[in-house]
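Please look over the sequence and the structure below before reading on. The paragraphs after them proceed from the chain as a whole to single residues.

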Amino acid sequence: MRCTISTILICFLLLLMAPSFARLRLSIRDAIDRRAVNTSLVSLGGHTGHCLELQIKNISTDTLLIFVEPGREMVAGDSVYQNLLVTHADSFQLVSGEETKRTLVGMCMQMHDRSPAKDAKFSVGKMASKLLVSLAEFLSKRNYQNGAGQ
C-alpha cells in the first residue's frame, strides 16, 4: 500500500510539473508570426562574422526552443544598407517571460549597398533562395565565418 501511495504522489507531482517541461520548437520567423516573441535586431557594424545583436523576449505562456537557421535573411531597415544572411545556426530556449540577447553570425548579401553601420535596425526576413541556403549551411558546418567565406 505504501508503494502505491508513493507512486500516485510522484505521478501527481510530475503531472503538475509537466507544463514546465513542455517546449514549443519554432524558427525565429514562426515565433514572430505567432506573436510568441518580441524582437529587436540591430547591427554591430561590419559585413561578416558576429554582426547582429538579437534581443528577444518570450511573451507566450509556453517554453520556446527558438532556432535561427543558416540562410535566413535579415532585412535592413534602411535601404542604403545591405541585407545580411545568417551563416551560422543558433538555437536557444526561452521560458515564459524570459528575455535574452544573442549575437548572430552573418554576411552581407548585396554588394551594391553599404555595409551596415553600428546600431542600424534590421528585421527578420524570409529564407533565402535554395542556392544561398545551401551555401549558408555549408559555411555553418565548416565554420567559414571570415573573409574567405564572404
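The account begins with the overall fold and then turns to a sheet, a core, a loop residue and the cysteines.

The model is predicted: local features need pLDDT of at least 70, side-chain atom pairs count only at pLDDT 80 or more, and totals for chains, interfaces and linings use all residues. Residues are numbered from 1 along each chain as its sequence is written, and side-chain values use heavy atoms, with hydrogens and water left out.

The protein chain contains 3 helices and 9 strands; helices (H or I, at least four residues) and strands (E, at least two) are DSSP runs, numbered from the N terminus. Along the sequence their pattern is α-β-α-β-β-β-β-β-β-β-β-α. Of the 150 residues in the protein chain, 37% are buried, where buried means under 20% relative accessible area, exposed over 50%, and partly exposed in between (1.4 Å probe, protein chains only). Among contacts in the protein chain between residues at least 6 apart in sequence, 72% join residues at least 24 apart; contact here means heavy atoms within 4.5 Å.

Strands of a sheet pair through backbone hydrogen bonds, either parallel or antiparallel. In this model, 3 strands form an open sheet in the order E1-E4-E7, with mixed pairing; two strands count as paired if DSSP finds at least two bridges between them. E1 and E7 stand at the edges with a single partner strand each, so one side of each has no neighbour in the sheet. From one strand to the next, the twist averages 20°, taken between axes that are lines fitted to C-alpha atoms, for helices over the stretch in contact, with angles from 0 to 180 degrees between N-to-C directions.

E1 (residues 23–27) runs parallel to E4 (residues 63–68), and 5 bridges join them; leucine 26 stands opposite isoleucine 66 in E4. E4 pairs with E7 (residues 90–94) in the antiparallel sense, over 5 bridges. Here leucine 64 stands opposite leucine 94, and isoleucine 66 stands opposite phenylalanine 92.

Isoleucine 66 also belongs to the largest nonpolar core, which has 25 residues; Leu41, Ile56, Ile66, Met74 and Phe122 touch the most other members. The largest share of this core, 4 residues, comes from E3. Such a core is a set of buried Ala, Val, Leu, Ile, Met, Phe, Trp, Tyr and Cys residues joined through side-chain atoms within 4.5 Å. Leaving out residues up to four places away in sequence, isoleucine 56 touches residues including Ile28, Val37, Ile66, Phe92 and Leu94.

Serine 60 lies in the loop between strand E3 (48–58) and E4. Serine 60 counts as buried because its relative accessibility is 16%. Its side chain makes a polar contact with the side chain of asparagine 58 (2.7 Å), and a polar atom of that serine side chain lies 3.1 Å from the backbone nitrogen of aspartate 62. A polar contact is a pair of N or O atoms within 3.5 Å; within protein, one must be able to donate a hydrogen and the other to accept it, and residues adjacent in sequence count only if both atoms are side-chain atoms. Beyond its neighbours within four places in sequence, serine 60 is in contact with Ala36, Ser96 and Gly97.

Why does the structure hold 0 disulfides? A disulfide is a pair of cysteine sulfur atoms within 2.5 Å. The sulfur of cysteine 51 is 6.6 Å from the closest cysteine sulfur, in cysteine 108, which is too far for a bond. Cysteine 51 is buried, at 0% relative accessibility, and cysteine 108 is buried at 9%.
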